[in-house]
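Please read them alongside the sequence and the model.

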Amino acid sequence: LALTLAHEGRAAEARTVIGPVLALQRALAARNHGDEWQHVELAAALYADALASPGNRSAMLHEAAALLDRVPAEMRATTTVRRWRGWIAAATTRTSAGRIGA
C-alpha cells in the first residue's frame with residue numbers, strides 16, 4: 001500500500017502506512033538471530049519509506065542495498081531478492097540523477 005501511495009504522489013499517506021511497518025522490521029532486526037529473510041523484509045520496508053521520504057531517501061536506499069548485499073548468495077539469486085535489488089538500484093540512480101520521483 002505504501003508503495004502505491006508513494007507512486008501516486010501521496011507521500012504523507014505513504015509515510016503513515018509504512019512507518020509502523022518499518023518500526024516493526026527494525027525491532028525484529030534488533031532481535032534477529034540468523035533469519036536472513038528478515039533482512040529482505042527490512043530492505044523492502046526501507047525502500048518503501050525512501051520513496052515516501054525524499055529527505056532521507058539516499059540513506060535509506062543505501063541501507064536497503066547493504067542489507068541485500070549481505071544475504072547469502074543463494075538468496076541473492078532468487079527472483080524476489082533480484083527484483084528488490086533492481087528496484088533499489090533504479091531508485092538510487094534516479095536519486096543520484098536528481099530525479100526524486102518514484
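1. Where is S53 found? S53 sits in the loop between helix 3 and helix 4, helices being DSSP runs of H or I with at least four residues, numbered from the N terminus. This is a predicted model, in which local features need pLDDT of at least 70 and side-chain atom pairs pLDDT 80 or more, while totals for chains, interfaces and linings use all residues. Residues are numbered from 1 along each chain as its sequence is written, and side-chain values use heavy atoms, without hydrogens and water.

2. S53 is buried, with a relative accessible area of 10% (buried means under 20%, exposed over 50%, partly exposed in between, with a 1.4 Å probe and protein chains only). Leaving aside residues up to four places away in sequence, S53 touches R15 and M60, where contact means heavy atoms within 4.5 Å.

3. In helix 4, the buried residues are R57, M60, L61, A64, L67 and L68. They cover an arc of only 125 degrees around the axis, which puts them on the same side of helix 4; the arc is taken from the directions from the helix axis to the C-beta atoms. These buried residues pack against helix 3 (36-52), helix 5 (73-76) and helix 6 (79-96), whereas S58, A59 and H62 are exposed on the other side of helix 4.

4. R57, in helix 4, deserves a separate look. R57 is buried yet has no salt bridge, and the nearest side chain of opposite charge, D49, is 9.6 Å away (a salt bridge needs a side-chain nitrogen of Lys or Arg within 4 Å of a carboxyl oxygen of Asp or Glu; Lys and Arg count as positive, Asp and Glu as negative, with His and the chain ends not counted). A polar atom of the R57 side chain lies 3.5 Å from the backbone oxygen of A50.

Technical notes. Helix = DSSP H or I, 4+ residues; strand = E, 2+ residues; numbered from the N terminus. Polar contact = N/O pair within 3.5 Å; in protein donor to acceptor, adjacent residues only side chain to side chain.
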